[in-house]
Every structure is written in structure tokens, then in C-alpha cells.
Amino acid sequence: MAAVTETLPGAPANGTGTDTGERRGRDRFHRGPLRWVLLVVAAIVALLMIAPFVIMLLNTFKSPDDYSAHGPLSWPHEFYTHGLKVFWDRVDFPVKLWNSIWTSGLVAIFGVALSLLSAFAIGIGRVRGRLWLVGVFLLANMLPQEVLIYPLFRMMQNIGLNNSGWSIVLIFTVIQAAFGTYLLSSVLGTFPRALLEAASLDGANRWQILWRVVFPVVRPTLSVLLIFFFIWTWNEFFIPLVMLTTNDTQTVPIALASLQGDRMLDVPTLNAGTLVSLIPTLIFFLFFQRTLTRGITAGAVK
Amino acid sequence: MSSAPATLPTQDSSAPPTARRAARRGSGRRRWVPSTYWLYLIPGLAAFVAIIGIPFVLNIWYSLHKWRGGITTMTWVGLDNYADLMHDDQFWQSFRNSVWMIIAMVIIPTVIGLLLASLLFDYIGKHFNGRVASVLRATYYLPQILPVAVAGILWNWILNAQTGALNQILHGIGIENPPDWLGNPSTALPSVMLVLIWIQIGYPTVIFMSALQRVDPELYEAAELDGANWWARFRAITLPQIKPETFVITLTCTIAALKVFAPIYVLTRGGPEGSTLVPSYYSYLNFFDKSKVGYGAAVATVLTVIIIVVASVIQLLQNRSARKEERGA
């Protein structure tokens, strides 16, 4: 409605109702320059938030000489892509990207599946001791990873999964599922009983009820969980840092961090590394922005 | 929630076993009777015990030993590691810094986030249009979705004393000796806090914006008719209405602040002189750098206890305030 009236400012009033409505609205909210001041404040904050990214972009494509001569804020004198190439080759970026993709992807799928099974028992099956179970899963979410790391590190060594992406898949499937079970249990706790009884009357067994009745109904929630598990695992740092020790197994954030100590690293290479490491998450964010926003806010409001 | 399990099991047990079996097989009268759901819990529980339960207990076991890790021998020392912690300056320093982390990751972002959210919702969303507000919101949220380690590495460069962008800019405007932001004990902690605030702001902003949408606009209209100005409406309506979200943000961010690791690792590694040391990094240092596994395990265990205590206290305060509200209503 508001959008329609705004797009037709020059056009003659197409309906007196809209016209007066708009004018009254303007009068009521028009408070002189204050609204512009506030818009500027909001814009300045936004500028501060993206300033590091702008600086990164400017200096990715600027040669080291250009950087030392003209500083970080100048426009690049020539389009310099050598830093990008150096980073790409040095860390063998496609390998890191693939490591991040397959581990995060499997964690997301397994994590959601495990959450759904457990939450089915707790939320719909209402097994005995479920309050305790939910409590334990909730508590598990609070644990700092440091409290698990050394035993996990040794366990993975014993089963030959140290320095393997599979250790990441195993560990994070369980960690994410602890959260997923907690969340899904409360969602399934309010599942309409009538649906379950109707399915039961139609001769559906447990497995069919889970697959044909519960799953389709909670699919939107599951897809939000799936996306979150993927992003969370992608962004994980501590456990992958400890577990993945060689170049061929590391994930994107670890690859960049292990380059960091290198004294030979010049400014464009470092910025190129940051840029390239951020792009996958950025694409993912733009692609799933709606789902993400829905998920962030849905999690907060009970 | 409580009525169904109270009545159903009694029905279940009062039916003769044959009838129950018949019902399950599908020939008798079908009723929705929950049981045998434990089967579905088996994979989740087994995985949980293996990956979280056992390691958690093992870690406590390690913390009672002196152990250099790997194949070296473990020596039982009882609570000695914990006793040593009490006299360990670095340990206390790390927890003092945790308080600063809470200020940087909970208190400041929540206040700024609330202001930004009301600004976007009350002013920009209404006076300009919704698109401007949602673009701004996405901008504020951007640092939240990026790998925190990558964002930290970007900042590490910006704040670098020699090649960093900030000091280059300061040089450019004629400042001779700009500070070594991350290398000086007096500026390192504030610099780290600034980065954390930058990372954190988007989260409360997004949650508060959706909270504000939930508030009934009629409340504001009534208050406006009574002549209440923006600040009065904000205090009397907005703040009480968005209490549940404020609680969720406080709880989750406080836990995150106590656990913070990656930004410290990529920005300062706890230095200089321990000025940005945090418990999680101190524990990591003991595990993998100093090879004091028992000691590191003790630090991690203490951190866990503190997180659980702090989270319980916040939850308790929330329950009390909710009960007070119910009684008041």
C-alpha cells in the first residue's frame, strides 16, 4: 500500500482516499529534520559495520607497492590479482572448500536425522524420564568444547580418525543434534494429537507415522535446522583446529588461520584469503536469508 | 503436557497383555498408546554418550592426574590441580577477562542492539520504507554469519601495528606514533572488545526487531493519545514487552562470552602478557602447548561449572521476574 503511493508521486491523485490518507500520514510523522538525523545515524552505524569489508575489498586488488605508497583507502591504480592467485595456489583452496562442504553437509543431514528420531521419542512418544533427557541435552549445549577436546582427540586417534574430516562429521553431528533434539522436542510436544490418532486408526505403524505424518508437518522447521547446522559447522574453529593437522584435511577457516603466522604474507594475499574465505558463507547467506532470519527469530520467541 | 502421560500409562497397564499385543499387531481396537518409543532414542543416546558423555567424564578423570599427554604415565594427584588453580595468577586473570568479554559480548551489544532495533522499527521502517530498514538490518547482521575466525583474521590485519589499515590511515592524517593496538597490554583488551562488539551487534538487533513487531501497536497508540513521548513509551511499553527476548539474548550471549576462543586465538593468542587471556584459551594452552593435560582439564572443568552456575542464576532470575509479573497481572 505504502509502496504503491510512493511510486506514483507525480501522477494525479488516482483516488481521493489514498491521497488524503497519505497526506495525513505524512503530517503525523513529519518531525522536521530529526528523522533525517536518525537515518544518518543508522547509516553511519551501517557504514562502520561494513567498513572492514570495504577496506578488505580495496586492498585485495591493490599491489603491495601501491598499498605502501597510497595507503589502504585509495582506489587501486591497477587491477592486481596476483594476491588472489598466490592465496589460491598456496592453500590449495578448492581442497579446503570441498572439505568444508562435505563435512558441513553431512553434519547437517545426519544431525537433523538424529534430532528428529530422538525428538520423536521425546516429544511424541513422551518416553519416561523425558524431562531429564531434555535437561541433559540442554546442558550439553552449554559445555565448552575444551572440556571434550582431549578425550575426543585421543578417541579419534585410537580409531584412526585423527586428522580426518570424518572426526568432524562424527563430533559435530552429535553436538548439533543435542541442540536439535532440545528444540525439536518442544516443537513436537505440541504436535496435534488428533493427527497421530487418525494415522494410528488408519493402520499406520510408528515408523510410518514418523515418516508420513510427523515429517511432512515439521519439514519447515527441519529445513531451518539443516541450514543452521550447516553454517554452524562451517564456521566451527576450535575442534577442527585441533583435529585437522595437515593441509589436505583442513577446512576453510583453519586454512586461513594457519597462513596467518606466515611473515612472508603480503597485504593483498592476506586480504584475498579473507575475501575468498568469506564468499561461500556470503552466497549461502544471500541464498537463505529469509529462512535464516525466520530461524533466528523463531528460536528466541517461545 | 502433563495430562496425557498421566492418564495413558494407566490405561495401557490396565488392559490385559494379550489385548495390548493384539492392538499392536493391528487386529484389535486401535488406540494411540505411547510406548516402545525408546527404540527411536537409541541412536541419539548412544551417539551422545560416546561423543559427549564419556569424554566429559574422562576429562574430569584427567583433571585428577598429572599427565603430559600421549603415552606418558598418568600420576594420580587427586585435587592438586584444582588447588594449584587457586594460586595461579594467569587462571584468575583469564576469568577477570571473562568479565570484560561479557561486557563486550552481552551488555554493550544488547544496549546498542536495542537502540538500533527501535531506531529501525520506530523511525526508519515507518518514515522511510521497510526496504531501507531491512537492508540496514542485514548490514548489521553480516558479521554474525561469517566464520568468526575469518572475521578475526581480517581485524588482526586492520589492527596490525606496521602494515595494518588503521595505523596506515592514522599515519596518513599525520599521527606520528599510532599505538600497537594488539601488541600493547594496555590497548589489546579494548581492541579485542571492540572487535567482539562489532561481531556481536547484529544478533540482538535482529531479535529485538522481531520482538518489536510482536508488540501490539494499540498499546503505543493509547499511550500516544495520553501524551506519552517516545522515551516514556519506550520505558513503559517496549522494555517490559520484550523481556522474554532480552532474557534469551542475555543467556545465550553470556554462555558464548564465557566460552569465547576463536577471536582470541586469531587476534592475540591471549597476549600480550596475558592481557587478553580467557579460560578457554588458557585450557587449550595447557593441553596442546604446555603439555599439562591434567591442568588443562581442570581449567576446562572449572569453566564448565562456572558456565552452568551462571546460566542457572540467569534462568532463576528470569523465573522469578516472570512469576512476579504473573502475580502482578
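These legends walk through several close-up views of a predicted two-chain model.

**View 1. Chain A as a helical chain.** Welcome to chain A, which has 15 helices and zero strands. Of its 302 residues, 40% count as buried. If you trace its contacts with a separation of 6 or more, you will find that residues 24 or more positions apart account for 76% of them.

View 2. Chain B has 16 helices and two strands. Buried residues make up 38% of its 329 residues. Among the contacts that join residues at least 6 apart in sequence, 67% link residues at least 24 apart. An unreviewed UniProt entry carries the annotation "domain: ABC transmembrane type-1" for residues 95-314 of chain B. Over that stretch the chain is 79% helix and 0% strand, and its end C-alpha atoms lie 18 Å apart.

**View 3. Where chain A meets chain B.** Here the contact takes in 81 residues from chain B and 74 residues from chain A. On the chain B side, the largest share comes from helix 3 (residues 38-63), which supplies 15 residues. Sorted by class, the side of chain B that touches chain A holds 61 nonpolar, 15 polar and five charged residues.

**View 4. The largest nonpolar core.** This core has 152 residues. Those that touch the most other members are A:Phe120, A:Ile171, A:Val174, A:Ala178 and B:Leu120. Helix 9 (residues 165-189) of chain A gives the most to the core, with 14 residues. Take a moment with A:Phe120: leaving aside neighbours within four places in sequence, A:Phe120 is in contact with A:Gly125, A:Leu188, A:Leu210 and A:Val214, and also with B:Tyr40 from the other chain.

**View 5. A:Val107 and its surroundings.** A:Val107 sits in helix 6 (residues 93-124) of chain A. Is this residue buried or exposed? A:Val107 counts as buried because it has 27 C-beta neighbours inside 10 Å, and the cut-off for burial is 20 or more. Setting aside residues up to four places away in sequence, A:Val107 touches A:Val169, A:Phe172, A:Thr173, A:Gln176, A:Phe229 and A:Thr233.

**View 6. B:Met86, for contrast.** B:Met86 is found in helix 4 (residues 80-86) of chain B. B:Met86 is exposed, because 8 other C-beta atoms lie within 10 Å, and a residue with 12 or fewer is classed that way. Look across to B:Pro109 as well: B:Met86 and B:Pro109 are 23 residues apart in sequence and 32 Å apart in space, C-alpha to C-alpha.

**View 7. Helix 9 of chain B and its buried side.** Helix 9 of chain B runs over residues 185-200. At 1.5 Å a residue, its 16 residues should span 22 Å, and the end C-alpha atoms are 23 Å apart, which agrees. Which residues of this helix are buried? They are B:Ala188, B:Ser191, B:Val192, B:Val195, B:Leu196, B:Ile199 and B:Gln200. These residues cover an arc of only 170 degrees around the axis, so they lie on the same side of helix 9 of chain B. The buried residues of helix 9 pack against several helices of chain B, among them helix 5 (89-127), helix 6 (130-145), helix 10 (202-214) and helix 13 (243-259).

Conventions
Residues numbered from 1 in each chain as written. Chains lettered and ligands numbered in written order. Predicted model: local features only at pLDDT ≥ 70, side-chain atom pairs only at ≥ 80, totals over all residues. Helix = DSSP H or I, 4+ residues; strand = E, 2+ residues; numbered from the N terminus. Expected span 1.5 Å × (residues − 1). Arc of directions from axis to C-beta. Contact = placed C-beta atoms within 7 Å. Nonpolar A, V, L, I, M, F, W, Y, C, P; charged D, E, K, R; others polar. Core = buried A, V, L, I, M, F, W, Y, C linked by C-beta atoms within 7 Å. UniProt positions renumbered as here; feature names shortened; annotations may be inferred.
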